[in-house]
Amino acid sequence: MPPTRSGARLLVDQLLIQGVNHAFCVPGESYLAVLDALHDAREMIKLVVTRHESGATFMADAYAKLTGQPGVAFVTRGPGACNAAIGIHTAFQDSTPLVVFVGQVGSSFVEREAFQEVDYRRMFGQMTKWVAQIDRADRVPELVARAFQTATSGRPGPVVLALPEDMLLQAAEVQDALCHQPVHAAPSDMQIAALRRLMGRSQRPVVVLGGTGWTAAACDNFKRFAEANYLPVACAFRCQDLFDNRHPNYIGDVGIGINPKLAQRIKDADLVIAVGARLGEMTTSGYTLLDAPLPAQSLVHVHPGAEELGRVYQAQLMINAGMQQFASRLAMMMPIEDAPWRDSVGQARSDYEAWQQRPAVYAHAEPRLDLWEVVRILARAVPEDAIITNGAGNFSVWAHRFWRYTGLRTQLAPTAGSMGYGVPAAIAAKIAAPERCVVCFAGDGDFQMTGQELGTAIQYGAGVLFLVFNNGMYGTIRMHQEREFPGREHGTRLVNPDFARIAEAYGAFGATADTTDGFAIALAQALAFMREKHLPAVVELRTDPEVITPNATLTAIRATARLAH
Ligand SMILES: Cc1ncc(C[n+]2csc(CCOP(=O)(O)OP(=O)(O)O)c2C)c(N)n1
Ligand SMILES: [Mg+2]
């Protein structure tokens with residue numbers, strides 16, 4: 001007979017079986033019993049207490065992206081669940097395996113709109129792979145195992161499990177579950193042969209890598225395939241770490257602010273091989289690089305989720321496969337002989353390198369604080385496997401366009417475009433991989449969405465470098481405003497605090513830079529502080545609000561828009 005255990009103890013025992021060693025939470029009285037059971041498991045499961053539930057779910061998402069293991073978060077009922085929602089939505093759009101446990105009212109009060117009562121099935125129905133409530137303690141092993149199985153298999157994603165308070169205290173005699181086993185489809189011989197045939201007929205192929213589920217071995221296998229076939233390889237929006245950006249076959253990222261030459265190259269291609277990418281709005285420049293639903297180019301779409309294939313694009317060849325399964329077959333595929341596109345890789349690479357030169361916005365005047373130089377100075381100062389995180393905003397373009405991500409798990413960024421992601425993601429990365437250097441790019445708006453997690457970074461000794469690009473506004477929206485409604489700024493200006501002093505108040509290093517040289521000095525001081533104290537540092541960059549993108553000033557955008565209107 002299995003021992004008698006409470007629902008809460010059963011839950012924590014299942015987490016151990018599922019291989020969980022980190023969980024992120026904001027506590028709530030609704031799941032006190034779980035906290036108590038986690039107390040006994042504290043040597044095995046590190047519980048990271050955050051300042052806001054968005055921090056908990058963003059950290060769990062980043063943890064999963066970085067480690068390849070499902071992220072776990074605990075949040076309390078209604079208000080906690082609402083705060084957590086942004087991380088769940090992000091995990092859904094980013095295909096990140098996540099298991100979120102939410103407190104729930106006791107079963108005797110259910111359906112009375114009791115204190116903080118929400119029906120999570122309706123609330124999270126559209127932004128999770130699965131949402132359920134565990135009503136009986138003896139179902140805990142089964143349902144927790146299914147949560148991990150669902151989150152990690154096929155196209156990964158978030159699962160929410162609600163925990164009625166009385167269930168956590170109920171006693172049950174039930175056996176433990178087994179550890180989950182992520183299951184992924186593999187390509188058939190016929191599909192690999194069909195791919196080779198399409199390649200054999202092509203003159204101008206382009207590859208786009210994206211999505212999740214990649215491993216170091218999968219990336220390596222893919223690299224060998226690309227090299228053997230002289231293929232130009234681009235990466236989807238915010239998936240730039242799937243292929244070493246320094247590699248001669250890497251030709252840039254397909255996202256916001258795409259290199260126009262790369263966009264043209266994709267439009268002119270006769271074969272697009274999209275591997276792992278969802279081919280969403282951002283990766284297709286609003287469904288224009290590939291016409292929807294039937295692209296002009298031949299399309300090979302490889303995706304771990306069967307339901308994703310044919311959702312929008314009617315590909316010539318659809319392959320439902322996990323990245324590891326697909327890439328290992330590619331590495332063994334006989335290369336195409338005398339590939340006619342062989343010499344075009346060099347041209348595509350030159351286009352990428354030209355796109356990384358000093359940008360147009362700085363062509364005429366010497367800026368006081370040169371963000372292009374900032375990226376170069378940073379690249380010289382940190383190890384090549386540094387992890388770069390960011391949230392959403394125009395500032396992130398400086399990282400996406402000018403940073404060279406050196407390989408798998410050097411980038412943590414929300415394809416969902418969630419502001420506030422970068423700060424908690426960086427902290428989670430440092431907690432998960434303390435030996436790595438972690439740098440967060442944040443806008444002034446972006447930073448203030450989750451900047452309070454600086455407290456979490458201090459508490460857990462997460463020595464992360466935060467760069468706050470302060471232009472005194474929600475710049476992205478201002479840019480769109482000037483394009484659509486020139487000269488009518490409204491609701492996008494920000495009055496900001498002194499970010500360096502905020503950092504110091506938390507016990508972090510703080511400095512402000514308003515010149516390029518000033519940045520170099522502040523960076524050196526920040527890195528020295530982080531090395532010595534193992535605590536975070538914040539460097540605020542007072543940027544020129546006119547420099548709204550690497551391509552254009554606000555004034556130029558306004559003037560062009562006025563002419564057009
Ligand atoms: C949670 C969330 N709220 C709102 C938006 C819409 N949005 C996208 S970028 C942006 C402004 C970002 O401002 P900031 O971080 O200062 O960066 P900047 O564009 O000024 O460089 C806003 C409000 C969003 N993407 N996510
Ligand atoms: Mg800003």
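This report walks through a metal site, a ligand and a sheet in a predicted model.

Residues are numbered from 1 along each chain as its sequence is written, and ligands are numbered from 1 in the order in which they are written. Local features need pLDDT of at least 70, and side-chain atom pairs count only at pLDDT 80 or more.

Let's start with the metal. The magnesium ion (ligand 2) is held by Asp 444 (OD), Asn 471 (OD1) and Met 473 (O), at 2.0 to 2.2 Å. Donors here are N, O and S atoms within 2.8 Å of the metal (3.2 Å for Na, K and Ca); water is not among the atoms, so sites may look incomplete. Asp 444 sits in helix α16 and Asn 471 in the loop between β18 and α18, so the pair ties together parts 27 residues apart in sequence. Helices (H or I, at least four residues) and strands (E, at least two) are DSSP runs, numbered from the N terminus.

| Backbone atom of | Ligand 1 atom | Distance |
|---|---|---|
| Phe 395 | oxygen | 3.0 Å |
| Gly 417 | nitrogen | 2.9 Å |
| Met 473 | oxygen | 3.0 Å |

Now for the sheet: six strands form an open one, ordered β16-β15-β17-β18-β20-β19, with parallel pairing. Two strands pair if DSSP finds at least two bridges between them. β16 and β19 are at the edges with a single partner strand each, so one side of each has no neighbour in the sheet. β19 pairs with β20 over five bridges, and Ala 511 has Val 539 in β20 as its bridge partner.

Definitions and conventions: Side-chain values use heavy atoms; hydrogens and water are left out. A polar contact is a pair of N or O atoms within 3.5 Å; within protein, one must be able to donate a hydrogen and the other to accept it, and residues adjacent in sequence count only if both atoms are side-chain atoms.
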